[in-house]
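This report describes the protein chain shown below, moving from its pockets to its overall fold and then to selected residues.

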Amino acid sequence: AISYKPQKIASGIPFENKPDIMIIGHYHQAEYIFEKNIHIIQAGSFEGQTPYLKRKGINPKVGGWLIEFKVEEGKITRFKQEFITFNKEISHDY
(Lines give C-alpha, C1' and ligand atoms only; values in the text may rest on other atoms or scores of the structure.)
Protein backbone atom coordinates (compact mmCIF):
# COMPACT_ATOMS: atom_id res chain seq x y z
CA ALA A 1 0.00 0.00 0.00
CA ILE A 2 1.21 3.50 -0.80
CA SER A 3 0.32 4.71 2.72
CA TYR A 4 2.29 2.00 4.56
CA LYS A 5 5.61 3.90 4.87
CA PRO A 6 4.07 7.20 6.04
CA GLN A 7 1.92 5.33 8.57
CA LYS A 8 4.98 3.53 9.94
CA ILE A 9 6.92 6.81 10.20
CA ALA A 10 4.02 8.50 12.04
CA SER A 11 3.69 5.56 14.42
CA GLY A 12 7.38 5.80 15.32
CA ILE A 13 7.30 9.47 16.36
CA PRO A 14 7.14 10.00 20.13
CA PHE A 15 4.10 12.02 21.22
CA GLU A 16 6.22 14.89 22.55
CA ASN A 17 7.92 15.30 19.13
CA LYS A 18 4.81 14.84 16.99
CA PRO A 19 4.47 17.41 14.18
CA ASP A 20 1.14 18.77 12.97
CA ILE A 21 2.22 18.48 9.32
CA MET A 22 4.71 16.04 7.82
CA ILE A 23 5.83 16.13 4.19
CA ILE A 24 7.69 13.07 2.95
CA GLY A 25 9.72 12.78 -0.23
CA HIS A 26 11.87 10.07 -1.81
CA TYR A 27 9.11 7.55 -2.60
CA HIS A 28 7.93 9.25 -5.85
CA GLN A 29 4.29 8.96 -4.73
CA ALA A 30 1.61 11.59 -4.11
CA GLU A 31 -0.80 11.02 -1.26
CA TYR A 32 -2.52 12.74 1.65
CA ILE A 33 -3.49 10.91 4.82
CA PHE A 34 -4.45 12.04 8.32
CA GLU A 35 -2.81 9.57 10.68
CA LYS A 36 -2.08 9.86 14.43
CA ASN A 37 -3.43 13.43 14.26
CA ILE A 38 -0.74 14.35 11.71
CA HIS A 39 -1.47 15.75 8.24
CA ILE A 40 0.86 13.63 6.10
CA ILE A 41 1.72 14.47 2.49
CA GLN A 42 3.80 12.31 0.20
CA ALA A 43 5.36 14.98 -1.98
CA GLY A 44 5.23 13.31 -5.38
CA SER A 45 7.97 13.77 -7.92
CA PHE A 46 9.20 16.19 -10.53
CA GLU A 47 11.07 13.39 -12.28
CA GLY A 48 9.25 11.15 -14.70
CA GLN A 49 9.78 7.47 -15.31
CA THR A 50 13.44 6.40 -15.40
CA PRO A 51 14.98 3.02 -16.23
CA TYR A 52 15.78 2.57 -12.51
CA LEU A 53 12.22 3.30 -11.34
CA LYS A 54 10.86 1.04 -14.07
CA ARG A 55 13.10 -1.83 -12.90
CA LYS A 56 11.88 -1.28 -9.32
CA GLY A 57 8.22 -1.30 -10.46
CA ILE A 58 7.69 2.31 -9.32
CA ASN A 59 5.34 4.52 -11.32
CA PRO A 60 6.16 8.09 -10.18
CA LYS A 61 3.34 10.54 -9.54
CA VAL A 62 4.60 13.68 -11.29
CA GLY A 63 3.27 17.01 -10.06
CA GLY A 64 3.11 19.23 -7.00
CA TRP A 65 0.86 20.22 -4.13
CA LEU A 66 -1.10 23.33 -3.29
CA ILE A 67 -1.65 23.39 0.46
CA GLU A 68 -3.74 25.85 2.45
CA PHE A 69 -4.15 25.65 6.19
CA LYS A 70 -5.43 27.81 9.00
CA VAL A 71 -3.94 28.00 12.49
CA GLU A 72 -5.94 29.27 15.45
CA GLU A 73 -4.49 29.39 18.96
CA GLY A 74 -1.56 27.23 17.85
CA LYS A 75 -3.75 24.48 16.37
CA ILE A 76 -4.49 23.64 12.75
CA THR A 77 -8.22 24.16 12.31
CA ARG A 78 -8.41 23.81 8.54
CA PHE A 79 -6.24 21.85 6.10
CA LYS A 80 -6.94 21.79 2.37
CA GLN A 81 -4.69 20.05 -0.13
CA GLU A 82 -4.75 19.60 -3.89
CA PHE A 83 -2.27 17.65 -6.02
CA ILE A 84 -1.71 19.19 -9.44
CA THR A 85 -0.69 16.43 -11.86
CA PHE A 86 1.80 17.19 -14.59
CA ASN A 87 0.64 14.99 -17.47
CA LYS A 88 2.99 16.15 -20.22
CA GLU A 89 6.05 14.19 -19.23
CA ILE A 90 9.21 14.96 -21.21
CA SER A 91 10.81 11.72 -22.38
CA HIS A 92 14.29 11.05 -20.94
CA ASP A 93 14.19 14.24 -18.83
CA TYR A 94 16.25 12.86 -15.93
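How much space lies in the largest pocket? In this predicted model, the largest pocket holds about 200 Å³ of space. Its lining consists of 15 residues, and those closest to the pocket centre are Glu47, Gly48, Glu89, Ile90 and Asp93. Sorted by class, this lining contains six nonpolar, six polar and three charged residues.

The second largest pocket has a volume of about 160 Å³. Lys5, His26, Tyr27, His28, Gln29, Tyr52, Leu53, Lys56 and Ile58 line the second largest pocket. Helix α2, which covers residues 51-56, supplies the largest share of this lining, namely three residues. The lining of the second largest pocket divides into four nonpolar, three polar and two charged residues.

**Overall fold**

The protein chain contains two helices and five strands. Read from the N terminus, the order of these elements is α-β-β-β-α-β-β. The C-alpha trace spans about 45 × 25 × 20 Å along its principal axes. The protein chain has 94 residues, of which 26% count as buried. Among contacts with a separation of 6 or more, 36% are accounted for by residues 24 or more positions apart.

**The nonpolar core**

Which residues make up the largest nonpolar core? The six residues in question are Ala10, Met22, Ile24, Ile33, Ile38 and Ile40. Strands β1 and β3 (38-43) are the elements that give two or more residues to this core. In soluble globular proteins, nonpolar side chains tend to be buried together. Ile24 belongs to this core; leaving out residues up to four places away in sequence, Ile24 touches Pro6, Ile9, Ile40, Ile41, Gln42 and Ala43. One of these partners, Ile40, is itself a member of the core.

**Residues compared**

| Residue | Relative accessible area | Class |
|---|---|---|
| His28 | 19% | buried |
| Lys18 | 24% | partly exposed |
| Leu66 | 51% | exposed |
| Glu73 | 84% | exposed |

Is His28 buried or exposed? His28 counts as buried because its relative accessible area of 19% is under the 20% limit for that class. The residue is found in the loop between β1 (21-24) and β2 (30-35), and it is also part of the lining of the second largest pocket. The side chains of His28 and Ser45 are joined by a polar contact of 3.4 Å. Apart from neighbours within four places in sequence, His28 is in contact with Gly44, Ser45, Glu47, Leu53, Ile58, Asn59, Pro60 and Lys61.

The backbone of His28 has a positive phi of about 65°, although His28 is not a glycine. Glu73, also not a glycine, has a positive phi of about 50°. Glu73 is found in the loop between β4 and β5 (75-85). With a relative accessible area of 84%, Glu73 is exposed, whereas His28 is buried.

Leu66 has its place in strand β4, which covers residues 63-72. Why does Leu66 count as exposed? Its relative accessible area is 51%, and therefore Leu66 falls over the 50% limit for exposed residues. Beyond its neighbours within four places in sequence, Leu66 is in contact with Lys80, Gln81, Glu82 and Ile84. One of these partners is Lys80; Leu66 and Lys80 are 14 residues apart in sequence, and their C-alpha atoms are 8.3 Å apart in space.

Lys18 lies in the loop between α1 (4-11) and β1. At 24% relative accessibility, Lys18 counts as partly exposed. Which residues are in contact with Lys18, leaving aside its neighbours within four places in sequence? They are Ile13, Lys36, Asn37 and Ile38. Lys18 and Ile38 are 20 residues apart in sequence, with a C-alpha to C-alpha distance of 7.7 Å. Ile38 is in turn one of the six residues of the largest nonpolar core, so that the partly exposed Lys18 is in contact with a core residue.

Technical notes
Residues numbered from 1 in each chain as written. Predicted model: local features only at pLDDT ≥ 70, side-chain atom pairs only at ≥ 80, totals over all residues. Heavy atoms only, no water. 1 Å grid on protein atoms, 1.4 Å probe; cavity = no way out; pocket = protein on both sides within 12 Å on 5 of 7 lines; lining within 4 Å. Points joined across faces, edges and corners; volume = space filled by probe spheres on them. Nonpolar A, V, L, I, M, F, W, Y, C, P; charged D, E, K, R; others polar. Helix = DSSP H or I, 4+ residues; strand = E, 2+ residues; numbered from the N terminus. Buried < 20%, exposed > 50% of the residue type's maximum accessible area, 1.4 Å probe, protein only. Polar contact = N/O pair within 3.5 Å; in protein donor to acceptor, adjacent residues only side chain to side chain. Contact = heavy atoms within 4.5 Å. Core = buried A, V, L, I, M, F, W, Y, C linked by side-chain atoms within 4.5 Å.
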